[in-house]
Amino acid sequence: MFEITLDSFIRIVTVGFLAYIGLIIFLRISGKRTLTKLNAFDLVVTVALGSTLATILLDSSISLLEGLTAFALLILLQYVITLLAVHSDWFNNVIKSEPRLLFLNGQFIRSAMKKERIKEIEILQAIRNSGSGSTEKVAAVVLETDGSLSVISSEPGNALENVNSKESVGR
């Protein structure tokens, strides 16, 4: 359980180093978009890349070339998905959700909260995390496409464009 042979140690260090360098090269070639967390698909790719790296390091039955091929495939799929989303509104709507308004001008939007399975306490936590001690200083709270909660201050010029606000306040 606590033993490691010299051969397995050398393999882990060598393959780990080379796989890490390979991943960095692939990520630099593919661009910043590959590791963004703009939606659920982005998160899945990021987690899958980490999982693949761990598998390459620890599973001696996986060759370095197999691991690098897996990296390339994941990054290529991410590239194709994002390319299709940029060029096709239909495809973009299929794979991405819209941001949803959960709190507006001091009122919780209960119907939206219910649909998104968000509790009032979670919205209040997001407001506190934003540094605001009061809901009176908050114009809105939005559930973003990546699952994060954005708190928008009640200052002029806030960023509520393109937010799904079909639900009525207070329901």
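Predicted model: local features only at pLDDT ≥ 70, side-chain atom pairs only at ≥ 80, totals over all residues.

Student: What percentages of helix and strand does the chain have over residues 87-155?

Tutor: Over residues 87-155 the chain is 36% helix and 26% strand, with the end C-alpha atoms 35 Å apart. The UniProt annotation "domain: YetF C-terminal", from an unreviewed entry, covers these residues, 87-155; UniProt positions are given in the numbering used here, feature names are shortened, and annotations may be inferred rather than shown by experiment.

Student: Which residues does the annotation "domain: YetF-like N-terminal transmembrane" cover?

Tutor: That UniProt annotation, also marked as an unreviewed entry, covers residues 17-83. Over residues 17-83 the chain is 79% helix and 0% strand, and the end C-alpha atoms are 31 Å apart.

Student: Where does UniProt place the feature "transmembrane region"?

Tutor: UniProt places that feature, in an unreviewed entry, at residues 6-27, 39-58 and 64-86. The span of residues 6-27 is 100% helix and 0% strand, and its end C-alpha atoms lie 31 Å apart. Over residues 39-58 the chain is 95% helix and 0% strand, with 29 Å between the end C-alpha atoms.

Student: How should I describe two helices that pack together?

Tutor: Two packed helices are described by the angle between their axes and the distance between the axes. Here axes are lines fitted to C-alpha atoms, for helices over the stretch in contact, and angles run from 0 to 180 degrees between N-to-C directions. Take helix α1 (residues 6-30) and helix α2 (residues 40-58), whose axes come within 9 Å and cross at roughly 155 degrees. That angle makes α1 roughly antiparallel to α2, given that angles under 35 degrees count as roughly parallel, over 145 as roughly antiparallel, 65 to 115 as roughly perpendicular and the rest as oblique.

Student: Which residues make the contact between α1 and α2?

Tutor: Contact means heavy atoms within 4.5 Å, and on the α1 side it is made by R11, I12, V15, G16, A19, Y20, L23 and L27, while α2 contributes L49, L53, I56 and L57. These residues divide into 10 nonpolar, one polar and one charged, where Ala, Val, Leu, Ile, Met, Phe, Trp, Tyr, Cys and Pro count as nonpolar, Asp, Glu, Lys and Arg as charged, and the others, Gly among them, as polar.

Student: At what angle do α1 and α3 cross?

Tutor: The axes of α1 and helix α3 (residues 64-87) cross at roughly 20 degrees and come within 10 Å, which makes α1 roughly parallel to α3. In this contact V15, L18, A19, G22, L23, F26, L27 and S30 of α1 meet L64, L68, F71, A72 and I75 of α3.

Student: How do α2 and α3 run, roughly parallel or roughly antiparallel?

Tutor: Their axes come within 10 Å and cross at roughly 175 degrees, and that makes α2 roughly antiparallel to α3. From α2, the residues F41, D42, V45, A48, L49, T52, L53 and I56 meet G67, L68, A70, F71, L74, I75 and Q78 of α3. The contact of α2 with α3 has 11 nonpolar, three polar and one charged residues.

Student: Is D42 buried or exposed?

Tutor: Buried means under 20% relative accessible area, exposed over 50%, and partly exposed in between (1.4 Å probe, protein chains only). D42, which lies in helix α2, has a relative accessible area of 1% and is therefore buried. Not counting residues up to four places away in sequence, D42 touches R33, T36, K37 and Q78.

Student: What is the relative accessible area of L77?

Tutor: L77, found in helix α3, has a relative accessible area of 45%, so L77 is partly exposed. The C-alpha atoms of L77 and T34 are separated by 9.9 Å, although these residues are 43 residues apart along the chain.

Student: Where is A139 found?

Tutor: A139 is found in strand β3 (residues 138-143), and at 6% relative accessibility A139 counts as buried. A139 and I24 are 115 residues apart in sequence and 41 Å apart in space, C-alpha to C-alpha.

Terms used
Residues numbered from 1 in each chain as written. Heavy atoms only, no water. Helix = DSSP H or I, 4+ residues; strand = E, 2+ residues; numbered from the N terminus.
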